[in-house]
Amino acid sequence: MSDMKEKLHTGELYLPGDEDIIKEQVVYQDLLCDYNQTKPSESEKRTEMLKRMLGDCGEGVYIEAPFYANFGGHHCHFGKMVYANYNLTCVDDTHIYVGDYTMFGPNVTIATAGHPILPELRENLYQYNMPVHIGRNCWIGAGAIIMPGVTIGDNTVIGAGSVVTKDIPANVVAVGNPCRVMREIGERDKQYYYKDRQIKWDEMEKE
């Protein structure tokens, strides 16, 4: 293993164009390319492919094609019943952890790779990677961008179009650029699911 390959997961500066890294990376990218050529009717085939592609793939994981990932999802660790809508992009140069029942809207980007501010380092193509952790039962809204090193707590909702640059705690609604906590998830959310539309618990329990 090259010195550069060892630095993928340490947060150290490294060169992503290293021969050993590219040799491994292209294998996973080829698998991802095959996945994106599958038909919506081939759900069983997609499930089997995801189990081969992802670092961890819980039961019931479903990712709409197209799905994009630097390492073909090899560094993505998804719990059970994770759902991702179209155009999920995982810059998975290092690990991305996603808890059970979390949902992603369309066009979400999760980035682990960063580039130094110093121009000389960028000119020489140096990069570093920081892992991302997303909790259980989160909802990441359409077009959200999650930056390297961020942790999002359980049950949290990230509003559409948000840019998450810092950690977000559990059990909150957070929105904006940069993403900030708007409020906690509370008692009103047990009564209303959208504006003044009430949750009809009795009907739901019957179903």
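A nonpolar core is a set of buried Ala, Val, Leu, Ile, Met, Phe, Trp, Tyr and Cys residues joined through side-chain atoms within 4.5 Å. Keep that in mind as you explore this predicted model, where the largest such core has 37 residues.

**The nonpolar cores**
- Within the largest core, the residues that touch the most other members are Phe67, Phe78, Phe104, Ile110, Ile134, Ile140 and Ile152.
- At least two residues of this core come from each of α2, α3, β3, β4 (76-78), β6, β7 (96-98), β12 (132-134) and β18 (172-175).
- Another core, of 6 residues, lies apart from it, and Met4, Leu8, Tyr14 and Tyr28 are among its members.

**Helix α2**
- Helix α2 covers residues 19-36, and at 1.5 Å a residue its 18 residues should span 26 Å, which agrees with the 26 Å between its end C-alpha atoms.
- At the start of α2, the backbone nitrogen of Asp20 has a side-chain oxygen of Asp18 within 3.1 Å.
- Ile21, Gln25, Tyr28, Leu31, Leu32 and Tyr35 are the buried residues of α2.
- Covering these buried residues are elements including α1 (3-6), α3 (43-53), β2 (62-63) and β3 (67-69).

**Paired strands**
- Strand β6 (residues 88-91) pairs with β3 in the parallel sense, over 3 bridges.
- Look for Phe67 here, whose bridge partner in β6 is Leu88.
- β6 also pairs in the parallel sense with strand β9 (residues 109-111), over 3 bridges.
- In β9, Thr109 stands opposite Thr89.

Key. Residues are numbered from 1 along each chain as its sequence is written. This is a predicted model: local features need pLDDT of at least 70, side-chain atom pairs count only at pLDDT 80 or more; totals for chains, interfaces and linings use all residues. Side-chain values use heavy atoms; hydrogens and water are left out. Helices (H or I, at least four residues) and strands (E, at least two) are DSSP runs, numbered from the N terminus. The expected span of a helix is 1.5 Å times one less than its number of residues. Buried means under 20% relative accessible area, exposed over 50%, partly exposed in between (1.4 Å probe, protein chains only). Contact means heavy atoms within 4.5 Å. A polar contact is a pair of N or O atoms within 3.5 Å; within protein, one must be able to donate a hydrogen and the other to accept it, and residues adjacent in sequence count only if both atoms are side-chain atoms. Two strands pair if DSSP finds at least two bridges between them.
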